[in-house]
Amino acid sequence: MLRRSFVAGFFTLGLAACGGPPVGVGPDGLPGQQIYRISSQDTGDIQFRMLDGLNALRQAAGAAPVQLNAQLNAAAATHSRDMSVQNRPWHFGSDGSSPIDRLQRVGYQGRLTGETISETYETELETLAAWMQQPNTRSVLLDRTANEMGFSWFQEGNGKIWWTLVLADRTRSAAIAQINPLALQ
């Protein structure tokens, strides 16, 4: 009898562990939004996951790969934080700055080819997939003239993430500068 009680108790405990609402259940009983938390130690991993993901998509589309650029990362980080302050995803800074202005401020010598932004709770790769679904952001990501990328984000305490990806072409501006140095002023 003791053995049967033990087996029944063990079986009941096992079922109890499987039952009940899953973590992250909303008030309606449906699975809730899981928060993707980013720590400062994750920066390099996240940037290289985005770089690898984007380069795989570019390769499939016949475009050359891009490489990370620290100046572009800094411009992206500044804009992500500023979008959070403004509480709206858009391409202009709270001071009226454009993506081109932000690249100039960090001393980048190349030409902006495009910028994609997002306000979301999704991971970087989920965000990349969402950008690829929209023709306007897909064309920025697959721009064949881009050869450098900056990528950064700002995460609020509630988990919301403001993503910014900047693509640019350093070689194009270098060639222009050799032809006409006044073109960059």
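This report covers the nonpolar cores and the strand pairing of a predicted model.

## Basis

Local features in this predicted model need pLDDT of at least 70, side-chain atom pairs count only at pLDDT 80 or more, and totals for chains, interfaces and linings use all residues. Residues are numbered from 1 along each chain as its sequence is written, and side-chain values use heavy atoms, with hydrogens and water left out.

## Nonpolar cores

A nonpolar core is a set of buried Ala, Val, Leu, Ile, Met, Phe, Trp, Tyr and Cys residues joined through side-chain atoms within 4.5 Å. Buried means under 20% relative accessible area (1.4 Å probe, protein chains only). The largest such core has 20 residues, and Met149, Phe151, Leu165 and Leu167 have the most contacts inside it. Two or more residues each come from helix 2 (43–60), helix 5 (124–133), helix 6 (135–141), strand 3 (148–155) and strand 4 (161–169). Helices (H or I, at least four residues) and strands (E, at least two) are DSSP runs, numbered from the N terminus.

A second, separate core has seven residues, including Leu72, Ala75, Tyr108 and Ala168. Leu167 touches (heavy atoms within 4.5 Å) Leu54, Val66 and Leu112, among others, not counting residues up to four places away in sequence.

Eight of the eight residues of strand 3 are buried. Glu148, Gly150, Ser152 and Phe154 point one way, and Met149, Phe151, Trp153 and Gln155 the other way.

Strands pair if DSSP finds at least two bridges between them. Strand 1 (residues 67–68) pairs with strand 3 in the parallel sense over two bridges; Gln67 has Glu148 as its bridge partner. Strand 3 and strand 4 run antiparallel and are joined by eight bridges, with Phe154 opposite Trp162. Their hairpin has five residues between the strands, and Gly159 takes a positive phi near 100° there.

Definitions and conventions:
Buried means under 20% relative accessible area, exposed over 50%, partly exposed in between (1.4 Å probe, protein chains only).
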